[in-house]
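Subject: Structure for your files

Hello,

Here is the structure I said I would pass on. My notes follow below it.

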Amino acid sequence: MMDVLYQLIEQCLPYSWTQYTFMKNAFIAIILITPIFGILSTMVVNNKMAFFSDSIGHSALTGVGLGVLLGLNSPVWSMILFSVIFSVFIVIVKNTNTISTDTIISVFSSTTMAVGLVIITKAGFNKYSTYLIGDLLSITPAEIGILAILLVVIILIWFLMFNKLLVVSVNPSLAGSRGMNVFMIEMIFTIVIAVVVTVSIRWIGLLIINSLLILPAAAARNISRDIRQYHVFSLLISFVSGVGGLILSYYWGSTTGATITLLCAVFYFITFAMHNRFA
Amino acid sequence: MMNMHNTNNNEKFRHTNCSKNSCCSSHLCCTKINHFSVVRGNTQILQDVNLHIHCGELTAIIGPNGAGKSTLLKAILGQIKHTGTLQFMDAKGVRDGKPIIGYVPQQLPFDRSTPVSVMDLFAACKTGWPVCFSYSKNVRQGVIEALRRVRIENLVDRKLGALSGGELQRVLLALALSPLPDILLLDEPISGIDRKGIEMFYNTVSELRKNYDMTIVLISHDLPLVARYADRVVLLNKKVLCTGTSVEVFKHPEFEKTFGRFIFDNIFDNGRGDDIS
(Lines give C-alpha, C1' and ligand atoms only; values in the text may rest on other atoms or scores of the structure.)
Protein backbone atom coordinates (compact mmCIF):
# COMPACT_ATOMS: atom_id res chain seq x y z
CA MET A 1 0.00 0.00 0.00
CA MET A 2 2.62 2.53 1.08
CA ASP A 3 4.94 1.44 -1.75
CA VAL A 4 2.27 2.21 -4.33
CA LEU A 5 1.76 5.64 -2.81
CA TYR A 6 5.51 6.27 -2.71
CA GLN A 7 5.82 5.43 -6.41
CA LEU A 8 2.86 7.59 -7.27
CA ILE A 9 4.38 10.56 -5.45
CA GLU A 10 7.77 10.06 -7.15
CA GLN A 11 6.17 9.90 -10.59
CA CYS A 12 3.81 12.83 -10.12
CA LEU A 13 6.30 15.02 -8.30
CA PRO A 14 9.78 14.38 -9.62
CA TYR A 15 11.56 16.83 -7.32
CA SER A 16 14.54 16.41 -5.05
CA TRP A 17 12.44 16.32 -1.85
CA THR A 18 10.41 13.33 -2.99
CA GLN A 19 13.53 11.15 -2.99
CA TYR A 20 13.38 10.78 0.77
CA THR A 21 10.95 8.37 2.38
CA PHE A 22 10.41 10.63 5.40
CA MET A 23 9.37 13.43 3.06
CA LYS A 24 6.96 11.14 1.26
CA ASN A 25 5.49 10.05 4.60
CA ALA A 26 5.16 13.65 5.67
CA PHE A 27 3.53 14.51 2.34
CA ILE A 28 0.89 11.78 2.75
CA ALA A 29 0.34 12.88 6.35
CA ILE A 30 -0.21 16.47 5.18
CA ILE A 31 -2.76 15.33 2.60
CA LEU A 32 -4.70 13.61 5.41
CA ILE A 33 -4.25 16.06 8.25
CA THR A 34 -4.94 19.37 6.52
CA PRO A 35 -8.52 18.44 5.51
CA ILE A 36 -9.15 17.40 9.13
CA PHE A 37 -8.02 20.78 10.38
CA GLY A 38 -9.68 22.64 7.52
CA ILE A 39 -13.07 21.06 8.25
CA LEU A 40 -12.93 21.29 12.05
CA SER A 41 -11.60 24.82 11.83
CA THR A 42 -14.89 26.13 10.41
CA MET A 43 -16.89 25.15 13.47
CA VAL A 44 -14.15 25.86 16.02
CA VAL A 45 -14.14 29.46 14.81
CA ASN A 46 -17.94 29.64 14.55
CA ASN A 47 -18.33 28.32 18.08
CA LYS A 48 -15.66 30.71 19.39
CA MET A 49 -13.60 27.84 20.73
CA ALA A 50 -10.17 29.28 19.92
CA PHE A 51 -9.21 29.66 23.54
CA PHE A 52 -10.58 26.27 24.44
CA SER A 53 -8.65 24.41 21.75
CA ASP A 54 -5.51 26.22 22.82
CA SER A 55 -5.91 25.00 26.38
CA ILE A 56 -6.56 21.45 25.15
CA GLY A 57 -3.09 21.59 23.62
CA HIS A 58 -1.66 22.69 26.94
CA SER A 59 -3.47 20.02 28.88
CA ALA A 60 -1.87 17.43 26.59
CA LEU A 61 1.38 18.14 28.38
CA THR A 62 -0.05 16.69 31.59
CA GLY A 63 -1.10 13.69 29.52
CA VAL A 64 2.50 13.28 28.40
CA GLY A 65 3.63 13.62 32.02
CA LEU A 66 1.15 10.98 33.14
CA GLY A 67 2.41 8.68 30.41
CA VAL A 68 5.95 9.19 31.69
CA LEU A 69 4.89 8.42 35.26
CA LEU A 70 3.05 5.30 34.16
CA GLY A 71 6.07 4.23 32.18
CA LEU A 72 4.22 4.05 28.89
CA ASN A 73 6.33 3.73 25.76
CA SER A 74 4.21 6.19 23.82
CA PRO A 75 2.09 8.50 25.95
CA VAL A 76 -0.56 9.05 23.26
CA TRP A 77 -3.27 7.08 25.07
CA SER A 78 -2.77 8.80 28.40
CA MET A 79 -2.81 12.11 26.52
CA ILE A 80 -6.10 11.32 24.80
CA LEU A 81 -7.67 10.11 28.01
CA PHE A 82 -6.57 13.17 29.90
CA SER A 83 -7.65 15.70 27.28
CA VAL A 84 -11.06 14.04 26.91
CA ILE A 85 -11.62 14.25 30.67
CA PHE A 86 -10.43 17.86 30.55
CA SER A 87 -12.79 18.80 27.73
CA VAL A 88 -15.80 17.09 29.32
CA PHE A 89 -15.07 19.03 32.46
CA ILE A 90 -14.86 22.33 30.56
CA VAL A 91 -18.20 21.75 28.80
CA ILE A 92 -19.89 20.99 32.11
CA VAL A 93 -18.44 24.11 33.72
CA LYS A 94 -19.45 26.17 30.70
CA ASN A 95 -23.04 24.96 30.99
CA THR A 96 -23.40 25.61 34.70
CA ASN A 97 -22.88 29.25 33.78
CA THR A 98 -21.76 30.33 37.21
CA ILE A 99 -18.12 31.28 36.69
CA SER A 100 -16.66 33.05 33.69
CA THR A 101 -15.69 30.30 31.26
CA ASP A 102 -12.46 31.83 30.02
CA THR A 103 -11.20 32.30 33.56
CA ILE A 104 -11.86 28.68 34.46
CA ILE A 105 -10.28 27.42 31.20
CA SER A 106 -7.26 29.59 31.86
CA VAL A 107 -6.87 28.33 35.41
CA PHE A 108 -6.99 24.72 34.32
CA SER A 109 -4.82 25.07 31.26
CA SER A 110 -2.04 26.70 33.26
CA THR A 111 -2.34 24.11 36.00
CA THR A 112 -2.19 21.20 33.58
CA MET A 113 0.70 22.73 31.70
CA ALA A 114 2.63 23.29 34.93
CA VAL A 115 1.97 19.74 36.14
CA GLY A 116 3.10 18.37 32.79
CA LEU A 117 6.27 20.45 32.70
CA VAL A 118 7.22 19.50 36.26
CA ILE A 119 6.94 15.78 35.52
CA ILE A 120 8.60 15.99 32.11
CA THR A 121 11.57 18.10 33.20
CA LYS A 122 12.20 15.61 36.01
CA ALA A 123 12.20 12.77 33.47
CA GLY A 124 14.48 14.57 31.02
CA PHE A 125 13.02 17.33 28.91
CA ASN A 126 14.92 16.76 25.65
CA LYS A 127 13.23 13.47 25.01
CA TYR A 128 9.82 15.16 25.04
CA SER A 129 10.61 18.53 23.49
CA THR A 130 9.12 17.34 20.18
CA TYR A 131 5.72 17.82 21.80
CA LEU A 132 6.34 21.53 21.94
CA ILE A 133 7.61 22.11 18.42
CA GLY A 134 6.40 18.99 16.68
CA ASP A 135 8.18 16.79 14.18
CA LEU A 136 6.14 15.94 11.15
CA LEU A 137 9.10 14.34 9.39
CA SER A 138 9.24 11.56 11.98
CA ILE A 139 5.77 10.25 11.18
CA THR A 140 5.57 6.50 10.54
CA PRO A 141 3.27 4.62 8.13
CA ALA A 142 1.33 3.22 11.11
CA GLU A 143 0.69 6.73 12.36
CA ILE A 144 -0.41 7.75 8.88
CA GLY A 145 -2.98 4.98 9.17
CA ILE A 146 -4.30 6.59 12.38
CA LEU A 147 -4.64 9.91 10.55
CA ALA A 148 -6.58 8.24 7.73
CA ILE A 149 -9.00 6.71 10.25
CA LEU A 150 -9.34 10.07 11.98
CA LEU A 151 -10.21 11.78 8.68
CA VAL A 152 -12.91 9.21 7.92
CA VAL A 153 -14.35 9.60 11.43
CA ILE A 154 -14.46 13.40 11.09
CA ILE A 155 -16.27 13.17 7.75
CA LEU A 156 -18.75 10.71 9.27
CA ILE A 157 -19.39 13.01 12.21
CA TRP A 158 -19.94 15.89 9.80
CA PHE A 159 -22.57 13.84 8.00
CA LEU A 160 -24.28 12.94 11.25
CA MET A 161 -24.34 16.23 13.07
CA PHE A 162 -23.01 19.13 11.05
CA ASN A 163 -26.40 20.83 10.66
CA LYS A 164 -27.10 20.68 14.37
CA LEU A 165 -23.65 21.98 15.11
CA LEU A 166 -24.26 24.88 12.75
CA VAL A 167 -27.52 25.90 14.40
CA VAL A 168 -25.92 25.66 17.84
CA SER A 169 -23.09 27.86 16.61
CA VAL A 170 -25.53 30.52 15.41
CA ASN A 171 -27.41 30.57 18.70
CA PRO A 172 -27.68 27.78 21.30
CA SER A 173 -31.12 28.72 22.56
CA LEU A 174 -32.48 28.79 19.00
CA ALA A 175 -31.15 25.25 18.60
CA GLY A 176 -32.70 24.30 21.93
CA SER A 177 -36.10 25.63 20.90
CA ARG A 178 -35.96 23.35 17.85
CA GLY A 179 -35.54 20.31 20.03
CA MET A 180 -31.79 19.88 19.63
CA ASN A 181 -29.80 18.60 22.57
CA VAL A 182 -27.32 21.46 22.76
CA PHE A 183 -25.32 20.01 25.64
CA MET A 184 -24.81 16.68 23.86
CA ILE A 185 -23.82 18.33 20.56
CA GLU A 186 -21.30 20.59 22.28
CA MET A 187 -19.95 17.65 24.24
CA ILE A 188 -19.38 15.46 21.18
CA PHE A 189 -17.76 18.24 19.19
CA THR A 190 -15.51 19.19 22.10
CA ILE A 191 -14.36 15.61 22.55
CA VAL A 192 -13.63 15.36 18.81
CA ILE A 193 -11.50 18.50 18.99
CA ALA A 194 -9.70 17.18 22.06
CA VAL A 195 -8.88 13.87 20.35
CA VAL A 196 -7.72 15.47 17.09
CA VAL A 197 -5.55 18.04 18.84
CA THR A 198 -4.01 15.45 21.12
CA VAL A 199 -3.31 12.91 18.39
CA SER A 200 -1.66 15.44 16.09
CA ILE A 201 0.28 17.33 18.71
CA ARG A 202 3.51 15.37 18.32
CA TRP A 203 3.68 16.10 14.60
CA ILE A 204 2.54 19.70 14.62
CA GLY A 205 3.69 20.82 18.06
CA LEU A 206 1.84 22.16 21.06
CA LEU A 207 2.92 25.73 20.45
CA ILE A 208 1.34 26.10 17.01
CA ILE A 209 -1.34 23.43 16.75
CA ASN A 210 -4.03 25.91 17.66
CA SER A 211 -3.16 28.18 14.76
CA LEU A 212 -3.89 25.37 12.30
CA LEU A 213 -7.28 24.99 13.95
CA ILE A 214 -8.10 28.69 13.76
CA LEU A 215 -6.34 30.33 10.82
CA PRO A 216 -7.89 28.44 7.86
CA ALA A 217 -11.45 29.27 8.87
CA ALA A 218 -10.54 32.74 10.09
CA ALA A 219 -9.11 33.43 6.63
CA ALA A 220 -12.03 31.73 4.84
CA ARG A 221 -14.52 33.82 6.80
CA ASN A 222 -13.17 37.00 5.28
CA ILE A 223 -14.23 35.97 1.78
CA SER A 224 -17.21 33.61 2.26
CA ARG A 225 -20.87 34.42 1.78
CA ASP A 226 -22.33 31.09 2.86
CA ILE A 227 -21.43 27.84 4.55
CA ARG A 228 -20.42 26.04 1.38
CA GLN A 229 -17.91 28.69 0.34
CA TYR A 230 -16.69 28.79 3.94
CA HIS A 231 -15.84 25.09 3.83
CA VAL A 232 -14.31 25.20 0.37
CA PHE A 233 -12.04 28.13 1.21
CA SER A 234 -11.10 26.76 4.61
CA LEU A 235 -10.17 23.39 3.10
CA LEU A 236 -8.22 24.99 0.25
CA ILE A 237 -6.28 27.35 2.52
CA SER A 238 -5.47 24.56 4.94
CA PHE A 239 -4.37 22.20 2.15
CA VAL A 240 -2.32 24.70 0.15
CA SER A 241 -0.59 25.98 3.30
CA GLY A 242 0.10 22.41 4.41
CA VAL A 243 1.67 21.23 1.17
CA GLY A 244 3.40 24.57 0.58
CA GLY A 245 4.71 24.68 4.15
CA LEU A 246 6.12 21.18 3.93
CA ILE A 247 8.00 21.89 0.70
CA LEU A 248 9.28 25.28 1.91
CA SER A 249 10.43 23.81 5.20
CA TYR A 250 12.48 21.26 3.22
CA TYR A 251 14.29 23.96 1.26
CA TRP A 252 14.61 26.37 4.20
CA GLY A 253 15.54 23.70 6.72
CA SER A 254 12.87 25.09 9.06
CA THR A 255 10.40 23.25 11.27
CA THR A 256 7.39 22.09 9.25
CA GLY A 257 4.56 23.03 11.61
CA ALA A 258 5.68 26.63 11.96
CA THR A 259 6.22 27.02 8.22
CA ILE A 260 2.69 25.79 7.53
CA THR A 261 1.31 28.20 10.12
CA LEU A 262 3.22 31.05 8.52
CA LEU A 263 1.60 30.33 5.16
CA CYS A 264 -1.84 30.18 6.81
CA ALA A 265 -1.15 33.56 8.35
CA VAL A 266 -0.18 34.96 4.95
CA PHE A 267 -3.53 33.72 3.60
CA TYR A 268 -5.28 35.34 6.51
CA PHE A 269 -3.78 38.74 5.82
CA ILE A 270 -4.45 38.48 2.08
CA THR A 271 -8.12 37.59 2.65
CA PHE A 272 -8.40 40.25 5.32
CA ALA A 273 -7.29 42.84 2.79
CA MET A 274 -9.94 41.53 0.39
CA HIS A 275 -12.77 41.17 2.89
CA ASN A 276 -14.52 44.45 2.11
CA ARG A 277 -15.22 43.26 -1.38
CA PHE A 278 -17.02 40.16 -0.07
CA ALA A 279 -18.83 41.57 2.94
CA MET B 1 -63.70 53.66 18.33
CA MET B 2 -67.00 52.00 17.51
CA ASN B 3 -65.26 49.39 15.50
CA MET B 4 -62.90 48.54 18.25
CA HIS B 5 -65.68 48.09 20.75
CA ASN B 6 -67.57 45.82 18.43
CA THR B 7 -64.68 43.48 17.92
CA ASN B 8 -63.96 43.47 21.59
CA ASN B 9 -67.54 42.59 22.38
CA ASN B 10 -67.46 39.76 19.89
CA GLU B 11 -64.33 38.45 21.45
CA LYS B 12 -65.91 38.58 24.86
CA PHE B 13 -68.88 36.66 23.60
CA ARG B 14 -66.66 34.01 22.13
CA HIS B 15 -64.88 33.65 25.40
CA THR B 16 -67.88 33.12 27.56
CA ASN B 17 -69.12 30.66 25.02
CA CYS B 18 -65.89 28.82 25.08
CA SER B 19 -65.50 28.51 28.80
CA LYS B 20 -69.05 27.22 29.12
CA ASN B 21 -68.30 24.37 26.77
CA SER B 22 -64.86 23.88 28.28
CA CYS B 23 -62.82 23.60 25.08
CA CYS B 24 -60.69 20.66 25.97
CA SER B 25 -63.64 18.33 26.36
CA SER B 26 -65.55 19.54 23.31
CA HIS B 27 -62.83 18.71 20.79
CA LEU B 28 -61.70 22.22 20.12
CA CYS B 29 -58.02 22.71 20.03
CA CYS B 30 -56.58 24.34 23.08
CA THR B 31 -53.69 24.49 25.49
CA LYS B 32 -53.92 24.39 29.23
CA ILE B 33 -51.13 25.49 31.50
CA ASN B 34 -51.70 23.97 34.91
CA HIS B 35 -49.95 25.18 38.05
CA PHE B 36 -46.69 26.34 36.46
CA SER B 37 -44.12 27.37 39.03
CA VAL B 38 -40.47 28.23 38.51
CA VAL B 39 -37.94 28.75 41.26
CA ARG B 40 -34.41 29.85 40.53
CA GLY B 41 -32.06 29.84 43.48
CA ASN B 42 -34.10 31.35 46.28
CA THR B 43 -36.24 33.47 44.02
CA GLN B 44 -39.73 32.47 43.06
CA ILE B 45 -40.02 33.58 39.44
CA LEU B 46 -43.42 32.11 38.61
CA GLN B 47 -46.00 31.05 41.11
CA ASP B 48 -48.86 28.74 40.26
CA VAL B 49 -49.64 30.09 36.81
CA ASN B 50 -52.82 28.70 35.32
CA LEU B 51 -53.79 29.62 31.79
CA HIS B 52 -56.24 28.35 29.25
CA ILE B 53 -55.19 29.36 25.75
CA HIS B 54 -57.47 28.87 22.77
CA CYS B 55 -56.52 28.14 19.21
CA GLY B 56 -56.90 30.79 16.57
CA GLU B 57 -56.44 33.45 19.18
CA LEU B 58 -53.69 35.88 19.90
CA THR B 59 -53.02 35.91 23.61
CA ALA B 60 -50.83 38.77 24.80
CA ILE B 61 -48.90 38.54 28.04
CA ILE B 62 -48.16 41.90 29.61
CA GLY B 63 -46.51 42.82 32.85
CA PRO B 64 -43.67 44.86 34.31
CA ASN B 65 -40.01 44.02 33.76
CA GLY B 66 -38.95 40.96 35.71
CA ALA B 67 -42.51 39.67 35.89
CA GLY B 68 -41.42 36.28 34.55
CA LYS B 69 -42.93 36.64 31.08
CA SER B 70 -39.95 35.28 29.17
CA THR B 71 -39.50 32.61 31.81
CA LEU B 72 -43.07 31.47 31.24
CA LEU B 73 -42.41 31.02 27.50
CA LYS B 74 -39.19 29.15 28.19
CA ALA B 75 -41.00 26.92 30.66
CA ILE B 76 -43.65 26.17 28.01
CA LEU B 77 -40.81 25.31 25.64
CA GLY B 78 -39.35 23.02 28.27
CA GLN B 79 -36.04 24.87 28.39
CA ILE B 80 -36.44 25.84 32.03
CA LYS B 81 -37.16 23.49 34.89
CA HIS B 82 -40.65 23.99 36.21
CA THR B 83 -43.40 22.28 38.13
CA GLY B 84 -46.90 21.91 36.72
CA THR B 85 -48.13 20.44 33.45
CA LEU B 86 -48.81 21.55 29.92
CA GLN B 87 -51.93 20.03 28.45
CA PHE B 88 -52.46 20.24 24.74
CA MET B 89 -55.38 18.99 22.70
CA ASP B 90 -55.60 19.41 18.95
CA ALA B 91 -58.80 19.98 17.00
CA LYS B 92 -59.52 16.30 16.49
CA GLY B 93 -58.67 15.45 20.06
CA VAL B 94 -56.13 12.98 18.71
CA ARG B 95 -52.85 14.39 19.78
CA ASP B 96 -52.41 15.60 23.27
CA GLY B 97 -49.44 16.39 25.41
CA LYS B 98 -46.76 17.18 22.87
CA PRO B 99 -47.63 20.06 20.59
CA ILE B 100 -45.27 21.43 17.96
CA ILE B 101 -44.06 24.72 19.38
CA GLY B 102 -42.58 27.54 17.33
CA TYR B 103 -40.56 30.13 19.18
CA VAL B 104 -39.27 33.57 18.22
CA PRO B 105 -36.79 34.71 20.87
CA GLN B 106 -36.58 38.23 22.25
CA GLN B 107 -33.41 38.79 20.35
CA LEU B 108 -30.92 36.51 18.68
CA PRO B 109 -27.41 37.37 19.75
CA PHE B 110 -25.10 35.93 17.12
CA ASP B 111 -21.79 36.67 15.51
CA ARG B 112 -22.57 39.14 12.72
CA SER B 113 -19.53 38.10 10.72
CA THR B 114 -20.59 34.47 10.59
CA PRO B 115 -20.68 33.21 6.98
CA VAL B 116 -24.15 31.68 7.30
CA SER B 117 -26.89 32.59 4.83
CA VAL B 118 -30.62 32.49 5.52
CA MET B 119 -30.77 29.45 3.25
CA ASP B 120 -28.04 27.71 5.30
CA LEU B 121 -29.83 28.33 8.57
CA PHE B 122 -33.16 27.03 7.27
CA ALA B 123 -31.68 23.98 5.58
CA ALA B 124 -29.68 23.18 8.72
CA CYS B 125 -32.83 23.34 10.83
CA LYS B 126 -34.98 21.33 8.47
CA THR B 127 -32.75 18.66 6.96
CA GLY B 128 -30.06 16.26 8.08
CA TRP B 129 -27.93 16.44 4.92
CA PRO B 130 -24.92 18.61 5.78
CA VAL B 131 -25.49 22.08 4.34
CA CYS B 132 -21.76 22.45 3.73
CA PHE B 133 -22.14 20.10 0.76
CA SER B 134 -25.15 21.26 -1.13
CA TYR B 135 -28.89 21.13 -1.00
CA SER B 136 -31.43 19.69 -3.37
CA LYS B 137 -33.80 21.87 -5.38
CA ASN B 138 -36.65 20.56 -3.23
CA VAL B 139 -35.09 21.81 -0.02
CA ARG B 140 -34.41 25.21 -1.59
CA GLN B 141 -37.98 25.40 -2.87
CA GLY B 142 -39.29 24.50 0.60
CA VAL B 143 -37.21 27.23 2.20
CA ILE B 144 -38.44 29.80 -0.33
CA GLU B 145 -42.03 28.72 0.41
CA ALA B 146 -41.43 29.17 4.14
CA LEU B 147 -39.99 32.63 3.57
CA ARG B 148 -42.84 33.57 1.26
CA ARG B 149 -45.25 32.95 4.13
CA VAL B 150 -43.87 36.08 5.81
CA ARG B 151 -43.07 37.76 2.47
CA ILE B 152 -39.29 37.79 2.60
CA GLU B 153 -38.44 35.23 -0.10
CA ASN B 154 -36.01 37.75 -1.59
CA LEU B 155 -33.73 37.34 1.44
CA VAL B 156 -33.00 33.65 0.85
CA ASP B 157 -29.33 34.07 -0.05
CA ARG B 158 -28.59 36.98 2.28
CA LYS B 159 -25.94 36.54 4.96
CA LEU B 160 -27.46 36.53 8.47
CA GLY B 161 -25.18 39.35 9.53
CA ALA B 162 -26.43 41.55 6.68
CA LEU B 163 -30.08 41.44 7.79
CA SER B 164 -31.72 44.41 9.47
CA GLY B 165 -33.43 43.96 12.83
CA GLY B 166 -36.88 43.71 11.26
CA GLU B 167 -35.71 41.30 8.56
CA LEU B 168 -34.06 39.07 11.13
CA GLN B 169 -37.27 38.93 13.17
CA ARG B 170 -39.17 37.86 10.05
CA VAL B 171 -36.57 35.22 9.27
CA LEU B 172 -36.95 33.90 12.80
CA LEU B 173 -40.72 34.00 12.46
CA ALA B 174 -40.54 32.05 9.20
CA LEU B 175 -38.25 29.56 10.92
CA ALA B 176 -40.65 29.18 13.84
CA LEU B 177 -43.41 28.52 11.29
CA SER B 178 -41.76 25.59 9.60
CA PRO B 179 -42.98 23.06 10.42
CA LEU B 180 -46.30 24.82 11.10
CA PRO B 181 -46.56 24.86 14.89
CA ASP B 182 -49.60 24.25 17.05
CA ILE B 183 -48.45 26.97 19.40
CA LEU B 184 -46.43 29.99 18.35
CA LEU B 185 -44.53 31.78 21.11
CA LEU B 186 -43.36 35.31 20.38
CA ASP B 187 -41.12 36.96 22.96
CA GLU B 188 -41.39 40.71 22.47
CA PRO B 189 -40.50 40.27 18.84
CA ILE B 190 -40.60 43.97 18.09
CA SER B 191 -37.80 45.34 20.23
CA GLY B 192 -35.36 47.36 18.19
CA ILE B 193 -37.57 47.58 15.13
CA ASP B 194 -39.00 50.79 13.72
CA ARG B 195 -42.72 51.55 13.71
CA LYS B 196 -43.30 50.40 10.14
CA GLY B 197 -41.51 47.12 10.82
CA ILE B 198 -43.69 46.57 13.90
CA GLU B 199 -46.92 47.11 11.95
CA MET B 200 -45.76 44.72 9.25
CA PHE B 201 -44.84 42.11 11.82
CA TYR B 202 -48.17 42.34 13.63
CA ASN B 203 -50.12 42.23 10.39
CA THR B 204 -48.29 39.08 9.39
CA VAL B 205 -48.96 37.51 12.78
CA SER B 206 -52.64 38.44 12.54
CA GLU B 207 -52.91 36.86 9.10
CA LEU B 208 -51.27 33.68 10.36
CA ARG B 209 -53.74 33.35 13.17
CA LYS B 210 -56.65 33.61 10.74
CA ASN B 211 -55.18 31.39 8.05
CA TYR B 212 -53.78 28.56 10.14
CA ASP B 213 -55.94 28.52 13.28
CA MET B 214 -52.82 28.75 15.37
CA THR B 215 -52.43 29.47 19.05
CA ILE B 216 -50.29 32.54 19.39
CA VAL B 217 -48.82 33.71 22.67
CA LEU B 218 -47.13 37.07 22.53
CA ILE B 219 -45.14 38.99 25.11
CA SER B 220 -45.24 42.71 24.59
CA HIS B 221 -44.66 46.00 26.29
CA ASP B 222 -46.39 47.89 23.52
CA LEU B 223 -49.83 48.32 25.04
CA PRO B 224 -51.49 50.20 22.14
CA LEU B 225 -50.57 47.36 19.80
CA VAL B 226 -51.73 44.79 22.33
CA ALA B 227 -55.07 46.60 22.53
CA ARG B 228 -55.34 46.49 18.78
CA TYR B 229 -54.29 42.96 17.94
CA ALA B 230 -54.72 40.74 21.00
CA ASP B 231 -57.88 38.68 21.43
CA ARG B 232 -57.01 38.05 24.99
CA VAL B 233 -54.67 39.70 27.47
CA VAL B 234 -52.98 38.18 30.48
CA LEU B 235 -51.52 40.45 33.12
CA LEU B 236 -48.65 38.60 34.71
CA ASN B 237 -46.47 39.50 37.64
CA LYS B 238 -45.03 36.28 39.06
CA LYS B 239 -48.61 35.03 39.01
CA VAL B 240 -51.60 35.72 36.80
CA LEU B 241 -53.16 38.93 38.09
CA CYS B 242 -56.04 39.03 35.64
CA THR B 243 -57.08 37.84 32.20
CA GLY B 244 -59.71 38.86 29.70
CA THR B 245 -60.12 41.06 26.65
CA SER B 246 -57.85 44.06 26.42
CA VAL B 247 -60.62 46.38 27.59
CA GLU B 248 -61.37 44.18 30.58
CA VAL B 249 -57.76 43.90 31.60
CA PHE B 250 -56.89 47.52 31.01
CA LYS B 251 -59.75 48.59 33.27
CA HIS B 252 -58.82 46.13 35.99
CA PRO B 253 -57.54 47.61 39.27
CA GLU B 254 -54.46 45.34 39.13
CA PHE B 255 -53.56 46.87 35.77
CA GLU B 256 -53.74 50.35 37.25
CA LYS B 257 -51.53 49.23 40.11
CA THR B 258 -48.93 47.91 37.66
CA PHE B 259 -48.92 50.47 34.90
CA GLY B 260 -50.67 53.45 36.50
CA ARG B 261 -53.63 55.43 35.32
CA PHE B 262 -51.68 57.75 33.11
CA ILE B 263 -50.60 55.04 30.74
CA PHE B 264 -54.08 53.62 30.79
CA ASP B 265 -55.57 56.86 29.48
CA ASN B 266 -52.77 57.16 27.01
CA ILE B 267 -53.55 53.83 25.41
CA PHE B 268 -57.07 54.70 24.58
CA ASP B 269 -56.01 58.05 23.25
CA ASN B 270 -53.69 56.22 20.94
CA GLY B 271 -56.34 53.73 20.02
CA ARG B 272 -58.74 56.51 19.13
CA GLY B 273 -56.10 58.24 17.08
CA ASP B 274 -55.43 55.09 15.09
CA ASP B 275 -59.09 54.47 14.43
CA ILE B 276 -59.69 57.95 13.10
CA SER B 277 -56.73 57.79 10.80
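Two strands pair if DSSP finds at least two bridges between them, where strands (E, at least two residues) and helices (H or I, at least four residues) are DSSP runs numbered from the N terminus. The model is predicted: local features need pLDDT of at least 70 and side-chain atom pairs count only at pLDDT 80 or more, while totals for chains, interfaces and linings use all residues. Residues are numbered from 1 along each chain as its sequence is written, and chains are lettered from A and ligands numbered from 1 in the order in which they are written.

Chain B

Chain B contains nine helices and nine strands. Six strands of chain B make an open sheet with mixed pairing, in the order β5-β6-β7-β3-β8-β9. β5 (101-104) and β9 (239-244) of chain B are at the edges with a single partner strand each, so one side of each has no neighbour in the sheet. On average, neighbouring strands of this sheet are turned by 20° against each other, direction ignored. (Axes are lines fitted to C-alpha atoms, for helices over the stretch in contact; angles run from 0 to 180 degrees between N-to-C directions.)

Within the sheet, β3 (residues 58-62) and β8 (residues 232-237) of chain B run parallel and are joined by four bridges. B:Ile61 is opposite B:Val234 in β8(B).

Helix α2 (residues 69-77) of chain B packs on the sheet and touches β3, β5, β6 (183-187), β7 (215-219) and β8 of chain B; the helix direction makes about 150° with that of β6(B). Helix α5 (residues 165-176) of chain B also packs there, touching β5 and β6 of chain B, with its direction at about 170° to that of β5(B). Contact means C-beta atoms, placed from the backbone, within 7 Å.

Of the 277 residues in chain B, 39% are buried, that is, 20 or more other C-beta atoms lie within 10 Å of their own.

Contact between the chains

Chain B gives 24 residues to the contact and chain A gives 23. On the chain B side, the largest share, five residues, comes from helix α3 (residues 118-126) of chain B.

Nonpolar core

The largest nonpolar core has 152 residues, and A:Ala29 and A:Ile193 touch the most other members. Such a core is a set of buried Ala, Val, Leu, Ile, Met, Phe, Trp, Tyr and Cys residues joined through C-beta atoms within 7 Å. Helix α2 (residues 21-46) of chain A supplies the largest share of this core, 14 residues. Beyond its neighbours within four places in sequence, A:Ile193 contacts A:Leu40, A:Val44, A:Met49, A:Ser53 and A:Ile56.

Regards

Terms used:
Buried ≥ 20, exposed ≤ 12 C-beta atoms within 10 Å, placed from the backbone. Contact = placed C-beta atoms within 7 Å.
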